[in-house]
Amino acid sequence: MTPPSVPQQQPAEDPSGTSGGPPDPPVDSRQAAAVRRGRKSDPVSDKAGPCHQAWLHPVRGRISASGLTLDQLVSLTGYSKTRISTLLRGAEYYPGWEITYSVVHALDLPVWPLRRLWTAGAREADKDQAWIEERIHEVRPLEPEVPPLAHQAFTEAMREPYTAYARALLHSDRRACWVVAEAFDILWLDWDEAVASPDVRRHAWRLLRSRVMLRAHRHGGGHPDLRPAAFTTVAQDLIGDLTARFAEISALAGFFDAVGRLPTDQFDVVVLRYLCGLDVQALHTVLGLSAARTHALDHHARGALESSHRPDDTPGVINPT
């Protein structure tokens, strides 16, 4: 499974400067306004679910970057300060599409991905399909809209490995495809931020991983639970004796538990390479890391797993190559 190559983005120059160096560039007037105006925004309510926050955080980020005040948003949207403030905090109730669209339109954000994210948030908030459709019909039909070409190329290249990773953690094809689509919509909303980052691939991988981990099963200690994968290995499926099969599953469950306890980057390498079957040459492209760094992570992860589990404990799961 080798994704098409994605052009690497060159790291941005260090903007911090050093003593005796050239003066800092002028600060954009909108950024300066964002610092000067108003008080600090209230945090997002802890009652807002993951799907709700998926679109709320990009909206709040765009407001912060634009320098718009709450009073200016009120003027642009026609809604009261109380309603706009409630929407931006994700508090009290799930907002209708009409007020959400008015804010999105004022901020010049892509509308199609945000409406998909809003719809998912409405379902998460237990709104039925009739409510969703009624709210959508309150707004004029949307014009056709396509993501930037670079975004399209990137998502096509990464869709397969991203979906395989999500499937390994969520144990469901449908949920995996949905979470990847969610991550790609958020990436579209934040595409300018992504291309301004040191590496688009790393920025996107962290986004995808965060969306998957929000839904992944976890142990009491907080690490991902990969034990269900023990039931789907080829090795145990080939064992005819039921007692022997249960013994195999028990050993593999312990092994996958150890995988879940690996440091983040080592965990990702192991899951992508050994559970998803990603070609070793493609790992660094997907993760947004250097080839040397990815090789070192693979080496350390194998060493940690082999020191805690005898090779005979985990037949056919990890074969160093």
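This is a predicted model: local features need pLDDT of at least 70, side-chain atom pairs count only at pLDDT 80 or more; totals for chains, interfaces and linings use all residues.

Colleague: Fine. Where is glutamine 266, then?
Modeller: Glutamine 266 sits in helix α14, which covers residues 264–275.

Colleague: Is that glutamine 266 buried or exposed?
Modeller: Buried: its relative accessibility is 13%, and the cut-off for buried is under 20%.

Colleague: What does glutamine 266 touch?
Modeller: Leaving out residues up to four places away in sequence, glutamine 266 touches Leu297, His300 and Ala301.

Colleague: You mentioned Leu272. What is leucine 272 in contact with?
Modeller: Skipping neighbours within four places in sequence, leucine 272 contacts Pro161, Tyr165, Trp205, Gly277, Leu278, Leu283, Val286 and Leu287.

Colleague: Switching topic: which residues of α7 are buried?
Modeller: In α7, residues 129–137, the buried ones are Trp131, Ile132, Arg135 and Ile136. Looking down the axis of α7, these buried residues lie within an arc of 130 degrees, so they line one face of the helix.

Colleague: Why would residues three or four places apart point the same way?
Modeller: An α-helix has 3.6 residues a turn, so residues with that spacing point the same way.

Colleague: What do the buried residues of α7 pack against?
Modeller: Against α5 (97–107) and α6 (111–124).

Colleague: At what angle do α6 and α7 pack?
Modeller: About 145 degrees, and their axes are 10 Å apart. The crossing of α6 and α7 is right-handed.

Colleague: Which residues meet there?
Modeller: From α6 you have Arg115, Trp118, Thr119, Ala122 and Arg123, and they meet Gln129, Trp131, Ile132, Arg135 and Ile136 of α7. By class, this contact of α6 with α7 has five nonpolar, two polar and three charged residues.

Colleague: Last one. Where is glycine 61?
Modeller: Glycine 61 is in helix α2, residues 50–66. With 40% relative accessibility, glycine 61 counts as partly exposed. The C-alpha atoms of glycine 61 and aspartate 190 are 9.0 Å apart, though the two residues are 129 residues apart along the chain.

Definitions and conventions
Residues are numbered from 1 along each chain as its sequence is written. Side-chain values use heavy atoms; hydrogens and water are left out. Buried means under 20% relative accessible area, exposed over 50%, partly exposed in between (1.4 Å probe, protein chains only). Helices (H or I, at least four residues) and strands (E, at least two) are DSSP runs, numbered from the N terminus. The arc is that of the directions from the helix axis to the C-beta atoms. Contact means heavy atoms within 4.5 Å. Axes are lines fitted to C-alpha atoms, for helices over the stretch in contact, and angles run from 0 to 180 degrees between N-to-C directions. A crossing is left-handed if the near helix is turned anticlockwise from the far one by less than a right angle, and right-handed if clockwise. Ala, Val, Leu, Ile, Met, Phe, Trp, Tyr, Cys and Pro count as nonpolar, Asp, Glu, Lys and Arg as charged, and the others, Gly among them, as polar.
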